[in-house]
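Please look over the structure shown below, and let the following paragraphs lead you through it step by step.

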Amino acid sequence: MTALLSLVLLVFIAYLGSIFFQKVKISKPWIKCLACTGSLYLLLGYLIGPNLFNVFNKEISQQLNVLYALVLGWIGFLIGLQANVKSIKRFQKEYFRFATINIIIALVISFIALYQSFHLLDRFFNETEIFILAIAGAVTSPIMIAVISREYKLSGRVSYLLQFAAAFDNMLGIILVGLVMSYTNDISFLNIYNPGVLIIFVSIIIGTIASYLFCLLSRDMKTDQEIFLLVLGLLLFIVGIAFYLKQSLLFISFVFGFGIANLPVNAKKIYLSIQQVERPLYILLLIFVGANLKFESKEYWFYLAVFMAVNLFAKMISGYFANFSMSQNSRIHKTIGMANLSMGGLSLAIILDFHLTNVSGYSQLLLFILAVSLVINDIISFKYLEKKIVQSEIKV
Amino acid sequence: MKKISISILLIAIFYGIKSSFYQEGELMAESTILTGLVLITAYLLALILTKIKLPKLTGYMILGIILGPMGFNFLNYEILEKLSFLERLALSFIALTAGGELKYERIKKFTKSIIYLLSGQIIVVFAGLFVLFIGLSKYIPFISRLEDNLIMGFSILFAATAISTSPAVTIGIITELRSKGKLTDIVLSITVLKSIFLVITFPLIITWAKFYLVEGTSFNAELVKDLLSQILGSIGLGVFLGFLVIWYLKYIKVERSIFLLGVAIVITELSSMLNMEILVISIIVGIMVENFSDQGESLIVGVEKSSLPLYIIFFCFAGAGLHLETLRQVFVLTIFLVISRMALKFAGNYLGAVLAGEEKIIKNISWMGFIGQAGIAVGLATIIENTLPGAIGSQFKTILIASVVINELMGPIFFKYILIKSREAQTERY
């Protein structure tokens, strides 16, 4: 079976699955949450991957690298497109304080704890890989919180705050990945070895130029078809450049989306024109990751356990301090960090991004750690959100 | 000026990045960036050309020539090969649209005209070019030395190739201009029927020509069996997929354009795996949905939503694949043959229209809708070259491809002209 044909069949199966979950009433909300956050697609990918049924084998996976790149570009672009500075500024300062403390502490603790744990145990990750793992672990899935809010018809302050924090750490996560990948890549540019600052500078310039070009051209290209074409064309263009620069695809496309969101164009209209591909691409991402999962040795479980323990600890501590930073009457609960455990598709995208642009022997292991912990964290996070947040905000 | 500046800027960025960071084995990076570059710059060039009343398709093809092996060589043969699945995917999409535009209820009143025009074109163009080629053979230096049976064989192939009309150009221009009306329906129907006719008859024509070209060729029952199984298999698969599409559009409804893109991918891949005809399968799917359900409009809208990037890729690659160097070598002879083909198309079409009792516009100008020539000629040219190695085979191939180059570039311009003249083009911007 050819790569494209396998892909279409997969997406079709996955799509029917997603329609099934939409149409059939599932009494247990946690199953619904697992379906919405995509854990089930990961499982599907794993089932049809080389480990079990081998429908989606290694050769096919390699042939579809361009598509992976487009998926990552689209994710980064959409996150950037929602980052309108004026809209973000409308949120209370307290929200920023909460979100910033939350992500920074989670990141610092994760990095130090993972670094120390792996090095004490004489294990093989380098600093870049640990940092990427820490970033991927620190980001939060806004989908889980959104699904809980929808499921239990929540409209309170806590769910807004958590959604804001999730969106904020998604943005920060992508920026950090861009910085890390720029500083640690091994390309040679203008005879400068490891030209980190230059790579960041070039990436930002390219992303910004693409935004300006979009702004200029969108005056002549107004139909949905034309807008779709413009976004697709510019996105492929800058994603291709990111490959040359060995830069994060997520970062460069984020800059592109961010630029558009803050230029005088109708970002909402653009979003509506391109949103049709958002869900299929997200499903593809999850299936890709699932199919690429490899379990090569029992040691993998050990790494997973270390990561999950560190991640839980980091999120608990960061949540505690973030909650503490709020004014007395705005505080939620000292264990609020548990709510942010669900990592979502972006964390997988970060690892896949790293995997595509850096041929690292251990990116497979990173993928395994993230994918498995994503499923487990989704369940823990759901149970916590259901218990604490729903109880405090439930309206119906 | 803005569009030209942006195009130059994008090309300059690509060139700068490629030359500063190029490493061996970065084909993926190159093909990704080039696809983006092609999508934007081709469309910008097309918008510029619409100001001088040229079709957008011509713009896409011109950009292909500029970026292709004859120009900057960014779209080199390796890249074109790597991205060839996009080209096949686009063809499937185009044929889906073509089938979806063929509603029997709408065209049944033109059935007589369609049959007469189609027959007129096939008979007159084939017979005319066949006779012309044999008659001219004494005056063309490199052909005059050939034996009579070889001249017969090449005349058959050349004349058969000239019948074809590119369904991609036809549907591309109709979509671009949102054209609706009698002339549109007649040209589209004839193009689609002619494509199906040629797909079925070409293997037989090649065998016929080989009687003269290759010693020891005899009629082979296996060929007919293979041909039948190929065509019937394609029709069967088309019917099955047609029902699947109808079911999806009717009951599932969501994300139609993504689903249709998936169907086009399935057709593309299955046709190459099972050695079936991509064109026939896609056209049948379109015809099924349009004529056996009330979902025809959904199909067209769904396909149109995501068709623009694929159209651009298809025609840009077609432009990049045009062998302009061959045109230089046999320019005068090619021009003569192209003009002869046009004249014969006019004659065949006129004759058919007169016999069908058609109105003036169909009699006089509808022939211009059939100038664009399908890429099938390139495949035939390769057969000729393989059949007769050496200078003569190459020269034949050169003439054949050179005439495709001219017809492919002229086809969209002619067709756009008649759609505007007949007031069937609906788009404001043309």
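For chain A as a whole the mean pLDDT is 79, with 80% of its residues reaching 70 or more. Where pLDDT is low, the predicted coordinates should not be read in detail.

Turning to chain B, one finds 20 helices and zero strands. Chain B is as compact as a globular protein of its length, because its radius of gyration of 22 Å is close to the 22 Å that the globule rule gives for 430 residues. Along its principal axes, the C-alpha trace of chain B spans about 55 × 55 × 45 Å, and 52% of the 430 residues of chain B count as buried. If one considers the contacts in chain B between residues at least 6 apart in sequence, 84% of them join residues at least 24 apart.

The two chains also touch each other, with 33 residues of chain A in contact with 33 residues of chain B. On the side of chain A that touches chain B, at least two residues each are supplied by helix H1 (3-23), helix H5 (65-81), helix H11 (196-217) and helix H12 (224-245) of chain A, and H12(A) gives the largest share, 14 residues. Sorted by class, this side of chain A has 26 nonpolar, six polar and one charged residues.

Methods
Residues are numbered from 1 along each chain as its sequence is written. Chains are lettered from A and ligands numbered from 1 in the order in which they are written. This is a predicted model: local features need pLDDT of at least 70, side-chain atom pairs count only at pLDDT 80 or more; totals for chains, interfaces and linings use all residues. Helices (H or I, at least four residues) and strands (E, at least two) are DSSP runs, numbered from the N terminus. The radius of gyration is taken over C-alpha atoms; the globule rule is 2.2 Å times the number of residues to the power 0.38. A residue is buried if 20 or more other C-beta atoms lie within 10 Å of its own, exposed if 12 or fewer, and partly exposed in between; C-beta atoms are placed from the backbone. Two residues are in contact if their C-beta atoms, placed from the backbone, lie within 7 Å. Ala, Val, Leu, Ile, Met, Phe, Trp, Tyr, Cys and Pro count as nonpolar, Asp, Glu, Lys and Arg as charged, and the others, Gly among them, as polar. pLDDT is the predictor's confidence in each residue, from 0 to 100.
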